[in-house]
Amino acid sequence: MKNTHLKILDFLKSERNFDYSGYHFAMLERRIQNRIIHLGSITPEAYFEYLQNNPEESTRLIENFMINVSHFFRDPLSFELLAKVAIPAIIASKQRSDEHSIRIWSAGCARGEEAYSVAMLFNEYFAREMEQLNLDFFATDFDSQAIEKAKQGIYTSTSMKEVKHGLLKKYFTEGDETYTIIPELKMKIQFSIYDLLYKNSYAPSESIFGDFDLVLCRNVLIYFNQEFQKLILNKLIKSLAPKGVLMLGESEVLGDSFKEKLRQISKYAKIFEKK
Amino acid sequence: MIDMKKFEFDSIRTNLTFWFLTLALSPLLIGMVFTYWESSRAFQEKTFEKLTAIRDLKVGQVETWIAERKSDFSTFAHNTEKTLLNDALNSNDSNSSENKSKKQIRDRLLNYQKNYLVYQEIFIVNSKTGLVEISTNSSNEGQYKKNETAYTGAIMADKIFIGDVYYSALIGKHLLSFSVPLNDSWDENQKTIGVLVANVDLTNSLSPMLLNRIGLGETGETLIVDKNVMAINDLRWYDHAPLQLKINAEPAVRAAQGKTGIFISNDYRGKKVIAAYTYIPETGWGFVCKQDWSELSEATVSMGQFLITLLIISGLLIIVIVYFVSKTISSPIIALNADSKKIAAGDYTIRNAVKLKNELGKLGESINTMVQGIESKAMIQKGVTAISKAVIGHASRMRYSNNLLSYLSKVTDAQMAVLYSLNEQELLFEHFDSIGANKNLMLPFMSGKPEGELGNAVESKKIQHLQELSDDTKFTYRTSAGEIIPKEIITIPVLNNDSEVVALISLAKINGFSHEATETIQLSWNTINSSYSNLLAGEQTAVLAENLMLSNQKLEAQSEELQQQAEELQQQTDELQKGSDELLLQNQELEMQRKQVEEATRMKSEFLSNMSHELRTPLNSINALSRVLINQANSRLTADENEYLEVVERNGKRLLSLINDILDLSKIEAGKMELQPNNISLLRIMTEVAENIRPLAKHKNISLDLSMPNEEIELETDENRLNQILTNIIGNAVKFTDKGGVRISVHSDPTVAYIQVKDTGIGISKEMLPEIFKEFRQVDGSTSRSYEGTGLGLAIVKNLVKALHGEITVTSTPGEGSVFTVSLPLNWKGNPEQGDLQWMHLDIPSETRKTILVVDDDPSIIRQISDSLKESGYHIIATTSGTEALRLAQKYKPIAITLDIVMPDLDGWEVLQQLKTNPETTNIPVIIISISDEKQTGIALGAVGYITKPVNRQLLLREIKKWTTAPSSVMIVDDNPTDREQIAGLLRLEQIDVFQAESGAQCLEMLQYHRPDLLVLDLMMPEMDGFQVLNEIRTRPETCDLPIIVVTAKDLTERDKKLLSGKVSSVLTKSTVALPQIYDEIKRIVERIKGERSDNQDIRPKKQTRHILMIEDNEISVIQVQKILEKEGFAVDVAKDGKQALEFVKHSVPDGIILDLMMPEMDGFEVLEKIRGRQETRMIPILILTAKNLTKSDLSRLSANNIQQLVQKGDVNGRELLGKVKQMMGIETDQTRIVDHHKEVDVRPIMISGKETGKASIGRKKILVVEDNADNRLTTRAILGEQYDLVDAIDGEDGLEKARLEIPDLILLDFYLPKMNGFKVIKLLKENENTKYIPVIAVTARAMKNDREEILEAGCDGYVSKPIDADLLLEEIGKLLGS
């Protein structure tokens, strides 16, 4: 069985240039199995054959590898720190240098919850402080389906558990069991597809250049092995502007080599500042 | 007790010196002091003796003198006969005897006086009378002197009496009187009969004696004082002293008191003297003999000086001797001491150099020995410490071993140091780290029984020190002189806590380890053991921690995965509820198909629409001309020919109407039909339509009835379209009815109006009913013959009704007739789309002063404009709706409005008109931003600026700032001085410079020298009127854009307005507005714009702005780049696709281009080639911005087109991007690269790799022709020789060589070549750094199907097949070389 899984992955590598070496193998296996079950519990061999004959299935399978689980303001403490410490600092430095644009990248945005959360925080800050700054907000994910979902901005109640009532009323329109992001918030974010392992650039192409004041990459690294984590982290750090802020997921840890480049601004959250 | 500590000194030398000096100098000093003291005492004694002697001598002299005087007296008294005296004194009367006696005595006295000159006067006082009886001075005889002391003293003493010294004023001398009583020798009682008195002149007697100062030196003198201590004799230091000076000095006082002695005291001058004094009892005088101390001590002083000199000389001598002696003794001790100090401070290399045979020398030697010992120990200690330090605080074993080995070899001077660590399986010792080790040492070895030097260490677990190594050791040391075998090896087994060997460290030294080295190692062993063990433990911990972290992450990932699965399950459940997965897919496919069909329909309609337009134009001419022919030439033509013409015209008309119908239909279907709902009266429109068709009905002899309800029905709909519908239906009814009639009836309910058209025509069969509303479907294919018509009518009707939100139904019985019913809503349902407008109001600012209203139907354009303007500090309000724009303009009074023309509800023209008619908004400058260029219309309607899309931000800003900045100078042109002055005064109040011109000619003249910011122009002026002035101003290049306000009393005609349109900013009419209001108006404009002035100082670009054209379809990308470039002062124009870009460069040549490669329709490569193909843009610097993964052929395609920079999207930061743009533009990096579009400037490409392809050549490019056939070479030369420099190569090898040598701009490569074929050549060319970017055109006779692909695949940039087509070849070359 394992052998077949390996064959499947090799096939994906040759066909779709999908480099599975960075992922946890067990997870990939589980996801293949998941897909097999989804298609009616056929044998892995049969599935492999099916895969070879149906080009569409390769896409499906790769997308199935992507985990797009998140909800708004996941890790409330981290977001609170972002709102109270990092965002005011970023805006203050912008005011000092008389710049009018803040550049943000949500790398691995999945279905957009995190990006929208941050956009809300910025908007709230602007409203409170009577500020007028442009947000150049890029949110990317490898999974085209997830990006589509993010663009639609329609969520179920499970995503909403950490959203404060005021924000809920202000930034969502409620439907039957759905919550839709209001268009003006949607307009603030540019969603696009970007592979964090893409070698030719370190920032999404829509952004043209890096210089991000804030980069969010939460619970993305956990899917990759150490080597790939390093690769991605290096890209993220490169894409940051000097003194830019990087926010990682709670269980993501920086290797020693990165401690020279990043300074953790609070021990309670994985928020770092580029040195 | 003397505190000896006081005399202890820090330095032994000082100490020695001090004591030596003390010893030597003390006796000297004591001796000298004693000598001095003794001799001065002796001297004093001698002086005393001398003075006493002199005193006594002098006193003796005085006493002798007094005694002499006394004896004189007694002699005189005794010698004088008593009788004589008696006679002389006792006779009571003067008789002769008596006189005789007197005379006798007087003579005798005179005789005395003569013999003793000291006597001044000698006389005898008669006791009886008290008168001077006899005197040597006879004139004194007879004077009464009984009361005088001389007399009384003598009587009382009854012997010689010596009186006091006194001063006789009579003779001016000091006198001393001696007196003696004269007794009556006959009287028994010896009765006194008189007193003999002698006055002694001291000046001639005593004084010379006293003044004799022999033996008294320079300062000595004697002095006598009387009882009252008055000086008696003359003094050396005091003139006229006798009886004048009372001496208070101690010796004189003592002498006067009758004391005798000698002592040192002050004399009457207060000077220190030695004085000997005594008392002369005879006279009661005190006698003092004295000499100045200074004179007397002179000898003592000189002796003292001599002694001091002696002391100094001997003292110096002593010091010198002491110095040398103490130095000799102390030097070695000091040296030893200094050395000891250094040693104590840790410098154990010190050895003292005391080479004495005495004890000090021995001490030195001992110290040296001792220090050597200490040094060795210290070295060891230092080594141990260094190693201890080296092994602490390392996180990684590599660092640890690096450090440890380097310190170990440093401490022990080892040339080689190797650390082997036991591998995880504990089977092998693997080389872990080393210094200076050879390859042999890198090999792992078994942990069980290691061979050779290392074995013992593992076995014994003790440090092994091997000496005298054998030649076959693997520890050899490689030097530049060859392999050297070290003499000694120390192997340290590193033990863990369980005393197992976990690592081995070997140190090898070419010439033996020192004792210290081995000792150090021995002492450090434990440290190394424990630190290494700790490190191993630490590593294990770290591994565990990392594993833990990874597990955590995996757990997190798994939990997310689980959540995802849960969500998927949920989703699947949901999907199952809605239907199967497959169904959904089918639905989607269906939806897609539907969309495709819709799209196809739309495309078709669009096509038809375009076609129809194209067809209508020629048809119109055909119809028109055939009519002309019919009218003019029918008499000249035969009937048949006329007939033909009629046919032509008829068919032309039919065709035209068909086309019109098609056009209509396609318009409707394409959604391009414009609807203008209005309230209309149904009765009116029905009547109109019916009346229009009635003639046809009449012609066909059928009835046409219209029945309307009594009450008026008002309908909100598009009148024209309704008219069209009704005309069509009723027309059809009439057309298809031959007998009977058509009946139209109208009725309504509260929401819908129904129009029914009933005919008695041919009717429609049931099968055909659904078909009649389809295009080109008349009921019967044959019917079209008998009934004219396109078959489109009903299709149009159906679509129109639908567009009006109504419905059309039909019922019919063939042969009997049909009923068409149209139902239309009474109220218009088609609301204009509001879409996502609301969000735009979020940004409404509190401060309106710098607010700009942006109006555009495209939110993305709004975003773009807003972003640009926000960057410049403006507040933005925006809307996509025209009506909303009017509301916002009124409410917020923005300083400017940017206005799009195409908008869903109210188009821009209308918005503009309404803005201008509303007095509250009429002064807000409006800048139109539109796709189409209708500047004239815009200006005519009152817009101040007109910008065509795509929006150039700099232009927009310039435009906005132009209209929101106050003028600083205004020129008023008016022939009426009053009007002129009134406006001028007002403006001056606003601190604005005013220039006045009283005629058009003067104005134009003044404008040559000064350009105001605003011109106020009157239209009606003599000679040259305002229009002429305006025209003249507008034709001059320097004033063509000068803002002008027209103020006129003229009633403007249409013609006037036309003349003014597009030329002036606004027109104020004096006739419609009162004059003061006009001033208010100008003032308001001035005030409003003035307020902005201070905020907009940085309006005009400071330096020449460089224009960059950005060709990019992704709007977000555009904004990002724009921001960064515009901040640097570049002006960025944007083209959204290749077409726009090419359009742009046709009329404007930018300074640089940024080009995206991936664009829809025309990709970047094509755009690039087209741009390079144009003469004007051939040399413009271009930066490629791409997200594409460039292939080799992409790169060569780019390189062939002279690309300056290549940037991968997302692979730069802002600064780098800017740097690349600047580099591309030749800013800061290379000033000479600025491109002049008119001159031939050779801009060499900066290649993608940063390498230039070719070398510079002026004008002509160089082409390498690789061709084996001489004829072909000739042909090629004929074609290319005029334009290019040619280099020939006759075979593949030659070609390759020449390519490398010449670096041509292009290579023409034949593929069939001797020695090396074309494929090989191109492969090698592309592999070489210098030639890989040279474009290559393949020239070959191979023209098989796949050849072209194969050749291009090989890396060629172009392909030309033989036989060569000259033009084709030139074109291909031109394409690649960009000429």
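1. Rings of Phe, Tyr and Trp are counted as a pair if their centres lie within 6.5 Å. In this predicted model, such ring pairs link Phe18(A), Tyr23(A), Phe65(A), Phe224(A) and Phe228(A) into a cluster. Over all chains, the search of the whole structure finds 22 aromatic pairs.

2. One of these pairs joins Phe138(A) and Phe212(A): the ring centres are 6.2 Å apart and the planes stand at 70°, so the pair is edge-to-face. Because Phe138(A) belongs to strand E2 (residues 134-141) and Phe212(A) to strand E7 of chain A, the contact ties together parts 74 residues apart in sequence. Phe138(A) and Phe212(A) are both buried.

3. Tyr194(A) and Tyr198(A) also form an edge-to-face pair, with ring centres 6.4 Å apart and planes at 85°. Tyr194(A) is buried, at a relative accessible area of 6%, whereas Tyr198(A) is partly exposed, at 22%.

4. The largest nonpolar core has 50 residues, of which Phe65(A), Trp105(A), Leu196(A), Leu236(A) and Leu246(A) touch the most other members. Elements of chain A that each supply at least two residues include helix H1 (2-16), strand E1 (101-107) and strand E8 (240-248). H10(A) gives the most, with 5 residues. Domain 1 (2-65) and domain 2 (76-274) of chain A each contribute at least three residues to this core. Another core, of 47 residues, lies apart from it and includes Ile90(A), Phe137(A), Ile181(A) and Leu185(A).

5. In chain B, Ile308(B), Ile312(B), Leu316(B) and Ile319(B) make a nonpolar surface patch of about 380 Å². Leu316(B) is part of helix H7 (residues 293-344). With a relative accessible area of 53%, Leu316(B) counts as exposed, because the cut-off for that class is over 50%.

Methods
Residues numbered from 1 in each chain as written. Chains lettered and ligands numbered in written order. Predicted model: local features only at pLDDT ≥ 70, side-chain atom pairs only at ≥ 80, totals over all residues. Heavy atoms only, no water. Patch = residues over 30% accessible without salt bridge, like charges linked within 9 Å, V, L, I, M, F, W, Y side chains within 5 Å. Areas by Shrake-Rupley, 256 points an atom, 1.4 Å probe, with all protein chains shown as cover. Salt bridge = Lys/Arg side-chain N within 4 Å of Asp/Glu carboxyl O. Helix = DSSP H or I, 4+ residues; strand = E, 2+ residues; numbered from the N terminus. Buried < 20%, exposed > 50% of the residue type's maximum accessible area, 1.4 Å probe, protein only. Core = buried A, V, L, I, M, F, W, Y, C linked by side-chain atoms within 4.5 Å. Domains from an automatic or database assignment. Phe/Tyr/Trp six-rings, centres within 6.5 Å; stacked < 30°, edge-to-face > 60°.
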